[in-house]
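Here is a friendly briefing to read alongside the model. Keep the sequence and the 3D view open as you go.

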Amino acid sequence: MSTSDEKVKANGKTEKETPPEQEVREKGNGSGGPILFFFLVGFIASLLVGWIVFPRLLYSKKKQPIDFNHALHVETVEEGCASCHFFREDGSFSGVPKLAKCMECHEEAQGEDPEELKFVSEYVEKGREVPWLIYSRQPNCVFFSHAAHVRLAGMDCVTCHGPVGESTRTKPYEENRITGISRNIWGKSIAGIKRNPWDRMKMDDCAECHAKEAAKGAADLERPIDGFFNNIIRIAFPESLLGRKSSAQTRNEACFVCHK
Amino acid sequence: MKHEQAKKYGMVIDLDKCTGCGACMVACMAENNIPFKKDETNKLDSITWMRVYQLTNGKPFPNTDICYIPRPCMHCEGDHGHSPCVSVCPATATDYSLKTGIVSQIYTRCFGCRYCMAACPYHARYFNWWDPVWPDGMEKYLNPDVSPRMRGVVEKCSFCFHRYQLAMNKAFLEGRRELEEAQYQTACAQACPAGAIVFGDLNNTKHRVHRIVQPDPAHGGRPKNPKAFRLLERLGTNPKVYYLSSREWVRRLADHYLPNETPGKGH
Amino acid sequence: MKMDRRSFLSFVIGGAAGTALSPLPWKLTDDLAIWSQNWPWTPVPERGEVSFVKTTCMLCPGGCGVTVRKVGDRAVKIEGTKGHPVNDGGICILGLSGLQLLYGPARVPSPLRRAGERGQNRWEKLSWDEALSLVAERLAGLREKKLPHTVACISGTDTGTVPRLMERFLAAYGSPNFIRTPSMRDSYEMTLHLMQGVQASAGFDVEHADFILSFGSGILEGWGSPVRMFRAHSKWKETGVKVVQIEPRLSNTAAKSDKWIPVNPGSEGILALGLARVIVEESLYRKAFIDTYTSGLEAWTREVLGRWTPENVEQATGVDKSTLVALARSFAGARRPLAICGRGRGDTPGSIGEFMAVHALNALVGNINRKGGVWAVPDPDYIQWPEVETDAVAAAGLQQGRIDGAGSKKYIHARHLLHRLPEIVDASDPSVVQALFVLEANPYYTLPDRDLLKKAWKKIPFIVSFSSFMDETARNADLILPNPMYLERYEDVPYARGFNKPLIGLAKPVTAPQFNTLPTGDVLIRLARALGDPVAGAFPWENYEQCLSETLQDMWEPLQETGYQVASDFEPGSGSGAFDTASGKFEFNPEKAREAAAHVSVQARGEAPGYPLILIPSDSMRRATGYIGDPPFVVKTVPETVLKGNDLLVEINPETAKALGLSEGKRAVLKTPKGQARVRVHLFHGVAPGVVAMPTGLGHQAYDAYLAGKGVNFNDLIAAVEDGASGLNAAWGIRAKLSRA
């Protein structure tokens, strides 16, 4: 109540002090200016906040403990990525190598590189595991089978991980302050725009690829039908081979395929 | 490659062999990161994906008899996958896989309305009323293949689906696409010291479950083995957990038969 | 420029539009959703390489082989070892929970010295050097005073290198007082000694028997090696082996048996004698075996069985004549009938008359050391250490005889009589026990008549526990020297209760020690060194691991690999060679048997008018009763008909309840001549009218918050009853009174 009273008072005061003509001029002439100006200020400021400040606030940056040169290693080893990132006998994927694997070659420093020397003195000699920060770690609710994708479907590493093997330095690890999840999952682009298949690793990105694969599968009967997220085709063409449901609700072989 | 035949994983529990020791319950708890509280005597809020119930014939001493009945999730097929819980989930957090016959649950998707719990006639679903708390240091034994659940979501037996996934991983690595019976076993079946729990693919004639139960596809999987029965058969939930008992009172109790009815004779 | 109201609004609108066109709200929504689905306080188990370690479970004397699944350095699951002769892949509820003990809050974190009063649970951490010198000083002082025989040790077992090192330590030091905790092992050993002249453990070829006659043995409650018994039970079901259970209460075993014969509590031995009489009278026994390999049947029949006519048996046991005769006939008529005894899990030794009677039944049907029968299994003899050289002080100490009286004239056949200790200590002044070691045992919880025990406990000036856990005994000790848990240490396990072949299991470190612990074997070696010769001379090893590997010799390597060594082709030597008696035959031993039979039915303490009911224990796999308390998972499986909140429910027949004016779940006071407890009642038709069945394994005061304070300890309400023939504790129950609270 008091606020509206004050408003009335304030208005009255303005009317007394400013001549009517001036008011008319300001209204008719200059009113668009400041309003638009303020609109733009607000608009641009919030865009700046949203696009530039927000991402900086949202992500914390951490350096990897060792600046690792992938390109150099790929050149030296014989089996490409699989030399260090291999499948274990039980079908599980080893992911980032453990110290023991590195020590197969680096029990002693092989060169003069300060990063290698640091690695040997800090970790090899002390027998400590390197606390690598994992760019592509998914939340704990996700189950992902490397064997199914690499061995069964014959995909290469680059499709999801990008040309990591060509990098000579490790980029900083950025962690979402809210979720604690690596920025690589959402992708570098804060807008979520992706140019390459490896730019994002969200559930939608899995789904996108699986829908495509499933569509291909429908055309090619020789290919196993392993479509997971192919709702659209199935709903549109329920009688097609793909339209055969693989689960009751989602038609996507049910949740446990990708969740644990 | 040919279209794979859909699997229908199921279980048959021999109640004549079951001793009620509870090993299956604990094997399940250990495998699936099931939390525990200081007081677990209120069984309504005590999470046990696998729970062993005691039945009694109610006769006076000395004609009394008791029987134990382990109850995992029945993974009801219902009518073409419309199991009671799956049909009602408003979040699509639970689903019936027609490829494996397993009713799955995404904990992170569940928002805890507990509609599924109301729908489940077997009390197989449990709600996390509290956040799980492990005493300091004890979280070291947690299994990384199963994600610990948080407060506010529903959980239930998964037939140890992560073990299926791991077995498939190995199969893929070795260039196989099919699993042998022994390659995928639930924790309870593996642990049962009495060997009372048999797990496998009900569709696979080579698997023991199929041979023991002899499911009749023409009648919703009803067992042809006269000793075999399912819980609340006449409800039409089409569960995939079968029981064996040589005692008639147990079979009668399993489906609330009236004194003048005969089990197995249908509706 | 001035910011008026409209400008402000347009600023806000511009801001809103800009925000909407920026990723902020959308990304934030997504992130908040993810955050709310993966709370940072929900633990995320670390992934890693999966490996398996084969070892041996030491949580009970079952001797099962277990395989521990590890992820990286973490042990995440215990499973049964496939192909293991005892459990072949199966595992019990307690074995499965081992990791909760390993990583659990009940562990003793380092050597601890009592800071407050005993039992107050106030502790001061100290280093191993300090702790060991404390013990060494104390021991040296007692030796100086020529009192080495006042040192005693209570141990959960006497087989394997660690208990043997303890025994050796005491011997070299000058004390004969190595006392094993009581169980049916005592009575079976004595039975084999008296009737077959051998020092051996009883093994049961349960897999090949085709008729099981169980005198109250909890085949499905933890008797023998539980997993093996479960497996055998399933096999019996498959092959149609008949199981007859004689027991006053419908236990799980009784419920699963083909015939449950409820008897009057405590009269099982009489029933065994009655059956024997029918078998002899009707000449149903195996003549060939009796004539060739046994002696004394005639005298035994005359002197022992004489009074147990079917009529007398019916009167004493409540089992009618026709049932008795039919049972005798079907038992003797089976091809490989097997009679077993030891009530429940066999936690109490029981009456020797009953054991001898049941063993005689096996002899009557010729099922001794035969397929499907009872085998005498010698202890593995791999421990070949040089004789201990004693000095004058030690020799004098050893001359003193055991404090518990075992082996003395009165208790000539007994080897361990722990139940006698509290009374003896309580009656002595100064205490005959000046220092007490407790090894893998929890006598403060498991001994009956705990009031007396507590009084005696106070008299013992120095108590050292070697427990890995803060159990009742550790909590009431002066010093705790924590042993690493079985998943963190090496130890040989040469015994699997009831297994019929010599077996050595090896427990080995699955993970690095989680706490500042030291294997008891090493403690003893270091203590010996600190005490100097002659004790030090008896311990020539650098450390325990060296001792173990040298002792096991060429078994050490294969044991590391497989986790066990079994003499699979072991035959107990049927025929005359198997009996080391004076006659070289199986002896019905009429003289001893007559004495034993006089005490075959032990009377429950208390008088009927004041205590009209009979209280008996009821065991369950879901409640550990030995040295180990239930881990949280196992407590969780205890049904609400046993435990409600912290209240224990005792079982009574609805008829009894009606007479007492009690109904389901009602609170009551249970009183026995030894104590009283507040309980609730659970109405159960499976317990005879007039009997109260009380769940065992609860009422812990120590361990962790998941176990402590729940229910009542059965041992608070019962007292030992000494068997007049053997000296062993033969109590099976006690008279009781139940009244509304």
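This is a predicted model: local features need pLDDT of at least 70, side-chain atom pairs count only at pLDDT 80 or more; totals for chains, interfaces and linings use all residues.

Residues are numbered from 1 along each chain as its sequence is written, and chains are lettered from A and ligands numbered from 1 in the order in which they are written.

**Chain A**

- Chain A has 11 helices and two strands; helices (H or I, at least four residues) and strands (E, at least two) are DSSP runs, numbered from the N terminus.
- Along the sequence, these elements of chain A run α-α-α-β-α-α-α-α-α-β-α-α-α.
- Of the 260 residues in chain A, 20% are buried; a residue is buried if 20 or more other C-beta atoms lie within 10 Å of its own, exposed if 12 or fewer, and partly exposed in between, with C-beta atoms placed from the backbone.
- Taking the contacts in chain A between residues at least 6 apart in sequence, 53% join residues at least 24 apart; two residues are in contact if their C-beta atoms, placed from the backbone, lie within 7 Å.

**Where chain B meets chain A**

- Here 29 residues of chain B are in contact with 27 residues of chain A.
- On the chain B side, strand E4 (94-96), strand E5 (103-105) and helix H4 (161-173) each give two or more residues.
- H4(B) provides the largest share of that side, eight residues.
- By class, the chain B side has 12 nonpolar, 13 polar and four charged residues; Ala, Val, Leu, Ile, Met, Phe, Trp, Tyr, Cys and Pro count as nonpolar, Asp, Glu, Lys and Arg as charged, and the others, Gly among them, as polar.

**Where chain C meets chain B**

- This contact takes 60 residues from chain C and 51 residues from chain B.
- The elements giving two or more residues to the chain C side include strand E3 (74-80), helix H8 (226-239) and helix H25 (632-637).
- The largest share of that side, seven residues, comes from H8(C).
- The chain C side divides into 32 nonpolar, 16 polar and 12 charged residues.

**Helix H6 of chain C**

- H6(C) (residues 161-173) has 13 residues and reaches 18 Å from its first C-alpha to its last, close to the 18 Å expected, a span defined as 1.5 Å times one less than its number of residues.
- Because 12 of its 13 residues are buried, H6(C) is largely enclosed by the rest of the structure.
- Among those buried residues are C:Arg164, C:Arg168 and C:Phe169.
- C:Gly174 follows H6(C), with a positive phi near 120°.
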